[in-house]
Amino acid sequence: MGYRFTRDDVGYLGSAIGGDALAEVGQLELTTATHLRDLERVRRAHGDRAAALIETVRLRRRAAAKLLDAGQWLLTDDALQQATPTLVARQRAARLAGRTVHDVTCSIGAELAELARVCPAVLGSDLDEVRLAIAAHNLGPRRLGAGERSARATATGPSEETRNVLLARADALRPSSRDTVVIADPARRADGRRTHDPAKLQPPLPDLLAAYAGRDLAVKCAPGLDFDRLDWSGEVEVVSLDGSVREACLWSSGLAERGVRRRATVLSSEVGGWSITDAESDDIEERAPGQWIIDPDGAVVRAGLVRHYAAKHGLWQLDPRIAYLTGDTVPEGVRGFRILDRMDFREKALRAELHRRDCGPLEILARGVDIDPDALRARLKPRGTRPHTLVITRIGRAATVFLCATP
């Protein structure tokens, strides 16, 4: 669960004294091996503030892989787990640039920080007073003057202002703004466990959609949600970052691109990103396997846009029911596997062929077949020096192995 921060903790950690203490604690290792020694040292120097200081430094270190400038943020364990990665939040904010936006589950401000860069006025609300205080710290000291506030946006309850953002304590299921785009990120844990049931999100997704019926709305969801069961009339966007699927976002019809019901957005920390939608062609040929196998990004697969991606890049499917693609060229920036041989899946024959090819390091990809790659690798016993990749899939009714060069 992690340390339970209080508003007093937030006030201290956000002060100059707290900042100096965090910088001091940040020099410690804070590993399992040094835990007792480090804890005793911090207690001697900072008394009952020790737990809050140590937890904050640890959270900042974890957050570095997710949030830019995480070294300056205040966080809680639960809030960090759900916080939107900066590059994903930035991509969503770009779609809302120029609009007045209300984040009704703002938590510690990960979305608000990016919205504030491109929107004239932003509202953030949450029921958790500690998270609101943390958000005020994370958004920085620059304040929005009263005359600069959006005349169209109002919020109820006690508030704190920072930058062009108004923070307020409010229930996400009780609309507290008007003429705003509403964004929400329901918590995906119920009874301490992650859930994919829309009705068990907090707040429940059906209740959230009902509360803002007719409004421009964007809702961040888990990518494993069964979107077809939602009867959603807008756009579903699945987003990946650096090869890992991070989220799905439901965009209401007023925010969706005309004619688009599904979108895959693939982001990279190194080279930017790209999108593909179901408004693009999905007309592909049925052909024998080409020279390469391509495993599309998970966002493309989750969004159901494998055929659209194939059509865009001159590829085709190994089998109409399987997401692996094939072709004679590999799209730029994508990992492809050059086919060396094709075999029926029989372990004895496969083991012999791997031995003949002096196979050592062995990557195994499987889709459409009930195979445990780690268990299979142990049975195949590759002991050579040359790396190879096995792509095991079902073509028609037959389990098929493609022996490939490892890229």
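**Close-up views of a predicted model**

**View 1. Strand E5 sits between two partners.** Three bridges tie strand E1 (residues 101-103) to E5, and the two run parallel. Strands here are DSSP runs (E, at least two residues), helices are runs of H or I with at least four, and both are numbered from the N terminus; two strands pair if DSSP finds at least two bridges between them. Val-101 has Val-181 as its bridge partner in E5. E5 is also joined by three bridges to strand E8 (residues 217-221), again in parallel, and there Ala-184 is partnered with Val-219.

A quick note on the source: this is a predicted model, with residues numbered from 1 along each chain as its sequence is written. Local features need pLDDT of at least 70 and side-chain atom pairs pLDDT 80 or more, while totals for chains, interfaces and linings use all residues; side-chain values use heavy atoms, leaving out hydrogens and water.

View 2. The order is E14-E15-E13-E16-E19-E18-E17, with mixed pairing. Strands E14 (316-317) and E17 (359-367) are at the edges with a single partner strand each, so one side of each has no neighbour in the sheet. E17 runs parallel to strand E18 (residues 386-395), joined by seven bridges, and Ile-364 stands opposite Leu-390 in E18. Helix H13 (residues 373-380) packs on the sheet, touching E17 and E18 (contact means heavy atoms within 4.5 Å). Its direction makes about 145 degrees with that of E17; axes are lines fitted to C-alpha atoms, for helices over the stretch in contact, and angles run from 0 to 180 degrees between N-to-C directions.

**View 3. Tyr-3 and Phe-5 bring their rings together.** Their centres are 4.9 Å apart and their planes at 85 degrees, so the pair is edge-to-face (rings of Phe, Tyr and Trp, the last by its six-membered ring, pair with centres within 6.5 Å; planes under 30 degrees apart are stacked, over 60 edge-to-face, the rest tilted). Tyr-3 is partly exposed at 28% relative accessibility, whereas Phe-5 is buried at 10%.

Methods:
Buried means under 20% relative accessible area, exposed over 50%, partly exposed in between (1.4 Å probe, protein chains only).
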